[in-house]
Structures are given as C-alpha cells and as structure tokens.
Amino acid sequence: MDHQPKFFENLSGTGKAIGVLTSGGDAQGMNAAVRAVVRMGIYVKAKVYFVYEGYQGMVDGGDNIVEVSWESVSSILQVGGTVIGSARCKSFRTREGRLQAACNLVQRGITNLCVIGGDGSLTGANLFREEWSGLLEELAQKGKIDEEAVKKYAYLNIVGMVGSIDNDFCGTDMTIGTDSALHRIIEVVDAIMTTAQSHQRTFVLEVMGRHCGYLALVSALACGADWVFIPEYPPEEGWEDSMCVKLSENRARKKRLNIIIVAEGAIDCHNKPITSEKVKDLVVQRLGFDTRVTILGHVQRGGTPSAFDRILASRMGVEAVLALLEATPDTPACVVSLSGNQAVRLPLMECVQMTQEVQKAMDEGRFVEAVRLRGRSFENNLNTYKLLSQKKPDAELPKTNFNVAVLNVGAPAAGMNAAVRAAVRVGITEGHKMFAVIDGFEGFARGKIKEISWGDVGGWTGQGGSILGTKRTLPAKYLEKIADQMRTNNINALMVIGGFEAYESCLQLHEARSCFEEFCVPICVLPATISNNVPGTDFSIGADTALNAIVETCDRIKQSASGTKRRVFIIETMGGYCGYLANMGALAAGADAAYIFEEQFDIRELQANVEHLTEKMKTSIQRGLVLRNENCNENYTTDFIYQLYSEEGKGVFDCRKNVLGHMQQGGAPSPFDRNFGTKISAKAVQWISKKLKETYRKEEGKVFANTDDSVCLLGMRRRNLVFQPVAELKNETDFVHRIPMEQWWLKLRPLMKILAKYKTSYDVSDSGQLEHVAMHSPKEAETGAI
C-alpha cells in the first residue's frame, strides 16, 4: 500500500513536559535510551526532566526531579548502567507514596512519563496512570494543588521501554541490555575455553535469569555448550544419566573440554532447583572429571553497552517521545518494542499479562506452553539448540544418499564458521553427506573438496575469519571445472556463505544451467559480509561484529579527545559503497556526522558541518567525531575532509584522522553474529532438504532442479526470514556499486542527525500504530523470526 510519508515536524512538543526515569535492575543501554528521550524531547521543543533514583526520586521530589538540557546527556552513550540512578521503592507501592509523586509531577507540569525498566516498573507506571485523576482530586481536596491544575493536568501519558538483561518481557524480541549481557557472557566463555582446554576440564557456568532462560540458551547456542539448563525447558527424568553419557562421549571423541551452562532459575520437571554446584558434584561423582564452577553474577549487568543495544535504545527512545506526542487521553499505556527489525508499539498491560502467563505456565508445569508464550524467537533458539547439541547414534540417522557441499566466498566475515558448523550438523541430522569446499570456487575448480563430519566442526562457533578459507573469485571463469567436480563428487546441493560475491556467484551458476546440467541442483546463499550490502536481507552475518569493532575504537578515540579538548576526529570505515557501517557506527558512537555514498553531499554540506562543530566547541562538549565511508565520494577523500576541517577550524579546533582498516574484518564473532549465522544456516539446510525431496527424479536416480526458486538467498526482511530467488533479486540490485537499490537503514539516518542537533525531517509513517501482542501458532515458529 502506498502511503504519503508522515513527518514528525507536524508533532510539536511545545508546552509539554516529559519526565524520564529508570527503574528496577539496571541494564546496559539505559543511558542511550535516556539520551535519546532527552534530545528528541528538546528537539520537538518539549521540556524534559530527569527523575533521579527511579520511583523513589519521584516520591521524594525536590532535587530528584530536574529539568535538563542538551548537554546534560553528553558522553553517557558509552556508559553502562544508568546515570540517573535506579532504586527499588516501597513507598510508591502505597497510595500515599503515589499521591506524593503525583503532587511533585503536577508542580512541574509533567504529564508525560517515559519509564525504562522491567515488567514490575511498567506495571507500577500503569497503576499510577489509572489512579491519576483520583490522585489529583485528592490533592485538590487537601489544598495541595488548585482546581485549575486538576483541569490542566487531567491526564497522564505513559510510554515504557523495557530495560532488562534477562530478555524476560513478552512482546519484544530483544530488551535493552540483553545483547550486552550476552557479550559479557561470551567474553567469559571464550576466555574459559582456553584454560579448560589446557587442563581437560569441565566448566559449569551459572548465568543470570531467575525466571527466564534466554541468556543461558543463547549463550549455549553461541559457544556450542554441551548442555544447558533453563527454567522453561526442564530436562526429562533420568537427565543425569543422559548428560554424563554425552559428556563422556565427547571426551572419547578427543574433545578436551566440556561447557555446561546453568540459568540461575533452572529447575527439573518436578519444579526442584538445579544448581551449578549440584551439576558439578554429579559430574565429579559419576565421571571423575576435573570440574570447576564459575558464577558470572553482576559482571553480566556491567560494562559498556554493545553497538546493538545503543542503536536499539536510541531507536526506542525516539519512538517513545513520538508516542508521547501522539498520545490522547484514550490511548492505553504502551511499550515501545522490537519485532524483527521493526520498532512497534504494544499495549503495556497486554505484554505484562503475557509475561505473567509464562510464569504461571511454568509454575503449573505446562512447559511446552511456557516456551510458546515466550515468543517465536525463543522457540527458534530452543529448536536450533536441540538440533545442534546432540548427535544421534548413526543407526538412528536417516540415509538420504544426497551429498551437500558448503563453501565460503568473498572476504572473511565473523560468524561464517558458526554458519558452516550449523550447516554440517543439521545436514548430518537430516541424513545427508556433507562436503566442505576449501578456498571458495577457486578451490572447488581444483578439487579441494572433502567430506566433513560432526566432530570436525566442534568449537567453530567462536572462531573469527573463515576456517574453510575463502576467495573473491567468481565461478564464471571455472564453470567447466566446477561442473566436473560436481559430477565427480556427485554433489546434489550447494550452500554458499558469503557477501556480494556469493550472491553474484549463484546468479552465474543459475545462468549457466542451460549449458551445465550439474548446476541444476538446489543452491542457497547465506549473506555473510561486514559491509551488509547484499540485496534481499536487512542483516548479514559479520556486520554486527564489525560494527562493535568500530564503536569500541570510536569510544577510545572520544576518550582521548575529551582530555585534549577542542579536537575533531575524522574516522574512515570500510563497507565498499555501502554506508551501513559508517551510518550505524555514527549512531552507536554518538558522532556528529557520517558521510556516505547513498546520500550525496557537496561542499556546502561540508561547510555546514564545520560551522556546526564550531558552534559545538562553544558549549561544554568540546570534541567532535565524524565518520566517512571509504567510497562515499571519490574527490572528497578522508585526506581532503581532514584538510578542509583543519583549515576551516583553525583557532577553534584541531583535527586528527584515523583509517580503521582490516581490524573491522577480524576478531571473534559477536553473540548476534554467532546466533544469526547458526540459525539461518540451520534453516537453509532444512530448505535444501525439502528442495532435494521435491526435485529428485526417481526413474533417473538424480536431482534435477532448474526453476528460479531453486536458487535462493535466505535473508531477514523486516520481521521474517525469507527465501528469495536470486533471479528476482537482480532487479533490486545496483551491480555497479554492489549495493541494494533500497536500504532500510537509510530511514534511521535522520535519527543520527537529530541526536547530533541537526535540523532534519524524519519520516514516521512506519510508527504510530498500536499493535496487539500476537499469540503465534507452533507452525509460525518455523517460518519466522530470528
């Protein structure tokens, strides 16, 4: 449906006052949300107030409720926790406490509240909203406010954002802080693995999650743990035997370490707790393995927020202000959340009720129901983990007699190895013989192909780069040799993991089908590139890791600049012609500008940016950060921009430049990339199995697939994972610049400008619709979300 873009300039906050508070347990990224609320609020000419120490500060009033300025939230983007404090508050649970809080808000004219916290905090906010008019009348009767104020401030609007590392809130795929907590867990697991390997040890890791197993489940997926205990999916009777058998089998396969992950709220099927100590004692008594327990505790809440959490919180913060501006007395309290890649608004109480339903289902032993209520994303994670963690005995595996080859193409991207591991293991479970091709299509042409087993890919999830080796060479010049190898090795399907070259390669194979029947087999492309420039997908494996590398460097650079004052840094990022890394890096690092190829700029814009920075140097924030995509303009090079800024800023600020280079391609994959790679790869192999069955010609004893829909790219589109024929994606591609013609993240570009104090227009057509929390059917879990 074509709709006219709706711009938020028509939404004015003049005369409105917004209070922002953080409540309940802290989570990394809360500060990014606070910053976005403050800056967006001021941008639309509303007054914005900090409420310090959560609800306690609202009840106590005085210096705890303070009007803030643009500069008040400078330099907090990269800080973990919450700078405005959070406290558990008993008095807000009483009517007297809420009466006092209402009095304090009315005195400052605050009738819009943005609450960042967990389900308890949000439930409290909703109760406050429902009681509001009654509280005001009571205050008037007691003579604390006049009748005028009762009329003027008759309604309280509430918008919630969920800040919780446990990801235990129904209605959103990710809560603010979850991704950062996964970063902390994975950093620890990666570090423990090296010491465990040295001593042949078993490690039992306890992670947070009293009522929700998300952190335990996803970290188990991301590090390939041997066993995981979560509250929603208790192990079956006799789990002690099964676990010990699995651990000793792994040792027999020359695996030098075992990792067991336990959520702090883990239970057995009789609702009895399973503790990390209990698991350790069991392993020691039964197997005699050298076993250690590590309890991660509050480390998981600490540290700097990940790039994902900063972008998520910034998007949510801006969306929350829009929701408050559009709220009417009849609008229910809403919570701003994430569905796939979409920011959505959901009725707060629907989400809270669903969250409570999960707990109720667990208490009553309805565990299948509890998993379903958690949502598609959780269910998908669990199904993928079950597929990958345990190898069935050979006798139980089906035999399909199909051979499936996996190869990497293009530049290396973190997470490729996780995708290969998942493909090999799911393929073996489905009954196929799996083959690994070394060094891309070049290696394929030379016959560098070998069968790969379940054990061969153990420990691959945490490895960066490409273990199989990868080359940028396209198949066009080796078509005959590749066809020979396909015939010799009887390859019935191909899985190609890589960037734009992988996509182009599969187009070439598709077009060569008329000459080479060997290519008439199911072929699937998995997008894996740091540039995130592959058509047909919003995200590529590897882009999140690169983004985190950029953001980490920008944080350090900003810190160095804050010491020297009046300094501007020009930073060059990779990405080819695709501005994803520069744009999203700028949003996550709090940059002043980002130059990208997709949005042409001229000397006037460069001049305006210099003037903007000159103005900024007059405030208390005396440093600047500018990102530039490597190919954004052939004449306005990084050197040119550096020299221009140096000359124009003379006497006001000095300049430094930094080319980040290949550090963006290296490093251990982030939890998101490990998880994304694992899940889309598992899904792709299941698609290949389905296509093999459909295209097998019994009478000829061979696979023959020559339709367009047998060469697909699996991508994340808005809210779903979709298989798209590469032939159809051709029309969406700019082959000269190797980018998709339309890119979703360009819609977030104004966000970065607003948060850096530029006047801009922001299309809010996508937002504003209050949706309902959807209960999904089990079938949907197979089709859908990440």
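Trainee: Which residue in β25 does Leu714 stand opposite?

Mentor: Leu714 stands opposite Phe723 in β25. Bear in mind throughout that this is a predicted model. The two strands involved are β24, residues 711-717, and β25, residues 720-725. They pair in the antiparallel sense, with six bridges between them. Two residues separate the strands of this hairpin, and in it Arg718 takes a positive phi near 50 degrees. Strand β24 is mostly covered, with six of its seven residues buried.

β24 also pairs with strand β17, residues 523-527. Here the sense is parallel, over three bridges. Val525 has Leu713 of β24 as its bridge partner.

Next, the open sheet. It consists of four strands in the order β19-β20-β18-β21, and the pairing is parallel. β19 (593-595) and β21 (654-659) are the edge strands; each has a single partner strand, so one side of each is left without a neighbour in the sheet. From one strand to the next, the twist averages 20 degrees. Within this sheet, β18 (residues 567-573) and β20 (residues 623-629) run parallel and are joined by seven bridges. One of the bridge partners to look at is Arg628 in β20, which pairs with Glu572. Helix α20, residues 603-616, lies across β18, β19 and β20, and runs at about 155 degrees to β20.

The loop between β18 and α19 (580-589) holds Cys578. Its relative accessibility is 0%, so Cys578 counts as buried. Leaving aside neighbours within four places in sequence, the contacts of Cys578 are Ser531, Asn532, Asn533, Glu598, Asn629, Ile739, Gln743 and Trp745. For Asn533, the C-alpha atom is separated from that of Cys578 by 5.9 Å, although the two residues are 45 apart along the chain.

Finally, helix α18 covers residues 543-564, 22 residues in total. From its first C-alpha to its last, α18 reaches 32 Å, close to the 32 Å expected at 1.5 Å a residue. Just after α18 comes Lys565, which takes a positive phi of about 55 degrees.

Definitions and conventions
Residues numbered from 1 in each chain as written. Predicted model: local features only at pLDDT ≥ 70, side-chain atom pairs only at ≥ 80, totals over all residues. Heavy atoms only, no water. Expected span 1.5 Å × (residues − 1). Pairing = 2+ DSSP bridges. Axes fitted to C-alpha atoms, helices over the stretch in contact; angles between N-to-C directions. Contact = heavy atoms within 4.5 Å. Buried < 20%, exposed > 50% of the residue type's maximum accessible area, 1.4 Å probe, protein only.
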